[in-house]
Amino acid sequence: MSLRYLTDVYGDACRVVQVSRLSSRFGFDLIVFGPAGGPLAFEAKGTTDLTLQFFVTSHELLTAERLGHRYHLLLWSALRLREEISVQYARLRAQGLPVVV
């Protein structure tokens, strides 16, 4: 869902890559190439709870410190594990999710 969200937000002018499929060593899940100011890194977090409680690794924190304003969190709550992704995406977007920090 985060890949789709970033593609929707940044559109065709940018390229979104899910680097977490390649390695966890990046310290984030997705990178967006193309926006002014250089690439942006996004760590996606999700929970089935209604509250936005999540775990951050020390590596993610160090990466966030190193990248500064180019590092962001995408926070998804109220996930339903058995719900079709497209239906879930529409429901969560209608609720104003994800929260971007």
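P35 touches Y10, C14 and L40, residues up to four places away in sequence being left out; contact here means heavy atoms within 4.5 Å. The model is a predicted one, in which local features need pLDDT of at least 70 and side-chain atom pairs count only at pLDDT 80 or more, while totals for chains, interfaces and linings use all residues. Residues are numbered from 1 along each chain as its sequence is written, and side-chain values use heavy atoms, with hydrogens and water left out. P35 is found in the loop between β2 (30–33) and β3 (40–46). Helices (H or I, at least four residues) and strands (E, at least two) are DSSP runs, numbered from the N terminus. With a relative accessibility of 15%, P35 counts as buried; the term buried applies under 20% relative accessible area, exposed over 50%, and partly exposed in between (1.4 Å probe, protein chains only). Between P35 and R15, 20 residues apart in sequence, the C-alpha to C-alpha distance is 9.2 Å.

Two residues of helix α2 (residues 58–67) were examined in the same way: E60 and L67. E60 has 10% relative accessibility and counts as buried. Apart from neighbours within four places in sequence, E60 is in contact with G27, E43, K45, F55 and Y71. L67 is also buried, at a relative accessible area of 13%. Its contacts, not counting residues up to four places away in sequence, are F28 and A41. L67 and P39 lie 28 residues apart along the chain, and their C-alpha atoms are separated by 10.0 Å.

In helix α1 (2–10), the buried residues are S2, Y5 and L6. These residues cover an arc of only 95° around the axis, which puts them on the same side of α1; the arc is that of the directions from the helix axis to the C-beta atoms. The partners against which the buried residues of α1 pack are β1 (15–18), β2, β3, β4, α3 and β5 (99–100). G11 follows α1 and has a positive phi, near 70°.

Helix α3 (residues 85–94) has Q88, Y89, R91 and L92 as its buried residues. Seen down the axis of α3, they fall within an arc of 165°, so they line one face of the helix. The buried residues of α3 pack against α1 and β4 (71–76). After α3 comes G96, with a positive phi near 85°.

Over the whole chain, the secondary structure amounts to three helices and five strands, in the order α-β-β-β-α-β-α-β from the N terminus on. The radius of gyration, taken over C-alpha atoms, is 14 Å, close to the 13 Å that the globule rule gives for 101 residues, so the chain is as compact as a globular protein of that length. The globule rule is 2.2 Å times the number of residues to the power 0.38. Along the principal axes, the C-alpha atoms fill a box of roughly 35 × 35 × 25 Å. Of the 101 residues, 38% count as buried. Among contacts between residues at least 6 apart in sequence, 53% join residues at least 24 apart.
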